[in-house]
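These are my notebook entries on a structure that I looked through chain by chain.

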Amino acid sequence: MRSYVAVRVASLFPILFGVSLLVFAMQALVPGDIVDIMMGGDQAFGDRNAEARLRQQLNLDRSVPERYALWLGSALRGDLGTSFVSGKPVLGEILRRLPVNLELAFLAIGFALCLGIPIGTLSAVRRDTWTDAGIRFGSVLGYSVPNFWLATLTVLAGSLVWPGMPILQYVPFAEDPWRNLTLMVIPAFVLSLTVLPLIVRMTRASVLENLRLDYVRTARSKGLPERRVVYRHVLANSLIAVLNVTGVQIGVLIGGLVLTEEIFILPGIGRLLLESIQKRDFPVITGTTLFLATAFVTVNLVVDLLHGVLDPRVRR
Amino acid sequence: MASSTRESVADPAVTAALAPAAAAPPAAGRRRLWRELWRRKTAALGFGLAAAVLLGALLAPWLAPADPLAMSPRRFAAPSAGAWLGTDQFGRDLLSRLLHGARVSMVVSFSAVGLAALVGGSVGLTAGYLGGRVDLVLMRCVDVLMAFPTLLLALAVVATLGGSVGNLVLAITLAYVPIFSRVVRGSVLSVKQNEFVEASRALGARDGRIMLVAILPNVLAPVIVQATFNLSTAIMIEAALSFLGLGVQPPQPSWGGMLSEARNFMELDPWLAVAPGGAITMAVLGFNLFGDGLRDVLDPRLRGEG
């Protein structure tokens, strides 16, 4: 087990190195001069001295490999640069908004698992009935509906059905936990619909696969009630596959967060990224991208490791 | 030349092994495929939806009753004989805008998925066939691209290069190249174990020829299935980026852009927000259902999975 963990953790480094190269390349590939963009592209009124100072500050007078080394060095020390717009450190801005994302993500995954596993199991146990057909069609429909449309319609429905409903607000958890939760439940539920259909499908497939295995026959021939066979034996073994698909879905969730935050006006990292894109605030764009990609890779690693703990076969 | 060599091989085992590459007459196989698909109700429904969207996109200039950019004083008009779906905040015909939006959506998703299949497929084919260090390096690069959630990678590309239809295609392509590389590499690894690959090597075929003639036709099925699913997600990403104002720029009609504009007026005219989302759902659902059917028929090993 220990060597499995070591190998998996070590495999993270080349990937993160590649991620950093790619994110740095984004900065280098920006069409036009970054200083011009910062100075508002106003050459006529541009102050030559200020411009030169800025160039030096951004290390633009150095070669590209040198700039990469300097950038990576500070990134590793937790310095992702400072925002062109607010002048604040990028990492601080990200960490300040992180709780919003974590809360949304955990609530959404919680909803998806609490609903998806029972629905998927039901679909498998009632295989080839109308219930099963309905659930299967519903799940295809579910991941064909654009989540940002559902979110928009939710906001619309809220304002039509209950004018003045305080849906587009954010109250920090620390300030008023109950109000915070009541405001976050709706966006999180809508967001959970991005991953729910796949969890349903995966649970169904996995339960069906396990129902065919020998241990199920053994359990049944021991005279265990069907209920106990399904819930105690089959479901427990099926959850490993569900865990895996949940890990993969974190990527979908991160993309979904950007849109959810935009529509429900929540001050998370996704909105930070969108605002920085609109203002062409490159340190924030690259910092946020690097942060989200690193988070995604790390979560996937954790899921892999958990998988190794739960299923000794993958450790080989 | 090559065909005469093949015919001259008398050993029935070798000819039989060579068969999969040149499987049953393609026309008959294709007819069987369509029949199988038609029998599956949901696949047929998917095909119908996808075909309707494609036809709408293709024939938009002729089908659209009005110029999608032409403004008129009849703002927020209800559906009528002149404008079947009514008009938007500038008095533009909604149906015409939806049809032209389909055009953008289809052009972007088909070009992006096609390019990604081509590039990713070549990477996967090369990596899987050659193996060794080439495989290691190529797959490390693929891992790096996979480290970005799809929408984030697309956002990053568009944020760097600016929002335009060309950059949208590039962004979605980049996000899908790793997926195709992995799918193709995986299939190549299993196909290359077959005896007919060995046989064509024994017959003196070069690597390039083996890859293209013996292996490629046998890995096409999973690529087609993957491409169908990716078309549906590409439609979604295009719509999402245009919704965020980073894709197709107004006044050019796009489903995502129309939905985004409608947000400002939706309490006044909810229909403006409902219609473009319905169009996206219809297109995505079509390709998803069709893809499910295709996967069941083309790749029976995966049947019932996922």
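**Entry 1: chain B overall**

What share of the contacts in chain B with a separation of 6 or more comes from residues 24 or more positions apart? I found that such residues account for 70% of these contacts. I note at the outset that the model is predicted.

I then looked up the secondary structure of chain B and found 13 helices and zero strands. Read along the sequence, the pattern is α-α-α-α-α-α-α-α-α-α-α-α-α. Chain B has 306 residues, of which 47% count as buried.

**Entry 2: confidence**

I recorded ipTM 0.87 and pTM 0.86 for the model. The pLDDT of chain B averages 81, and 87% of its residues score at least 70. Over residues 1-25 of chain B, however, pLDDT stays under 50. For that stretch I noted 20 contacts beyond four places in sequence.

**Entry 3: helix H8 of chain B**

I checked the length of helix H8 of chain B, residues 150-161. At 1.5 Å a residue, its twelve residues should span 16 Å, and the end C-alpha atoms are 17 Å apart, which agrees.

Next I asked how many of the twelve residues of H8(B) are buried. Eleven of them are, so the helix is largely enclosed by the rest of the structure. Among the buried residues I listed B:Thr150, B:Leu153, B:Val157 and B:Thr160.

Not counting residues up to four places away in sequence, B:Ala159 touches A:Ile277 and A:Ile285. I also looked up its separation from B:Ala214, 55 residues apart along the chain, and found 42 Å between the C-alpha atoms.

I then turned to B:Ala154, which is also buried in H8(B). With residues up to four places away in sequence left out, B:Ala154 touches B:Ala171, B:Ile172, B:Ala175, B:Ile237 and B:Leu241.

**Entry 4: nonpolar cores**

Which residues have the most contacts inside the largest nonpolar core? I found B:Ala154, B:Leu155, B:Ile172, B:Ile215 and B:Ala240, in a core of 151 residues. A second, separate core has five residues, including A:Ala124, A:Val207, A:Val234 and A:Leu235.

**Entry 5: where chain B touches chain A**

I looked up the contact between the chains: 40 residues of chain B are in contact with 41 residues of chain A. On the side of chain B that touches chain A, helix H7 (132-146), H8, H11 and helix H13 (271-298) of chain B each supply at least two residues. H13(B) gives the most, with nine residues. By class, I noted 25 nonpolar, nine polar and six charged residues on that side of chain B.

**Entry 6: positive phi in chain A**

A:Asp128 has a phi of about 60° although it is not a glycine. I located A:Asp128 in the loop between helix H6 (90-125) and helix H7 (130-144) of chain A. A:Asp128 counts as exposed because it has 7 C-beta neighbours inside 10 Å, and the limit is 12 or fewer.

A:Arg280 has a positive phi near 50° and is likewise a residue other than glycine. I placed A:Arg280 in the loop between H13 and H14 of chain A. With 18 other C-beta atoms within 10 Å, A:Arg280 is partly exposed.

**Entry 7: A:Phe291**

Is A:Phe291 buried or exposed? I found A:Phe291 buried, with 21 other C-beta atoms within 10 Å. A:Phe291 lies in helix H14 of chain A. Its C-alpha atom is separated by 45 Å from that of A:Asp214, 77 residues apart along the chain.

Terms used: Residues numbered from 1 in each chain as written. Chains lettered and ligands numbered in written order. Predicted model: local features only at pLDDT ≥ 70, side-chain atom pairs only at ≥ 80, totals over all residues. Helix = DSSP H or I, 4+ residues; strand = E, 2+ residues; numbered from the N terminus. Expected span 1.5 Å × (residues − 1). Buried ≥ 20, exposed ≤ 12 C-beta atoms within 10 Å, placed from the backbone. pLDDT = per-residue confidence, 0-100. Contact = placed C-beta atoms within 7 Å. Nonpolar A, V, L, I, M, F, W, Y, C, P; charged D, E, K, R; others polar. Core = buried A, V, L, I, M, F, W, Y, C linked by C-beta atoms within 7 Å.
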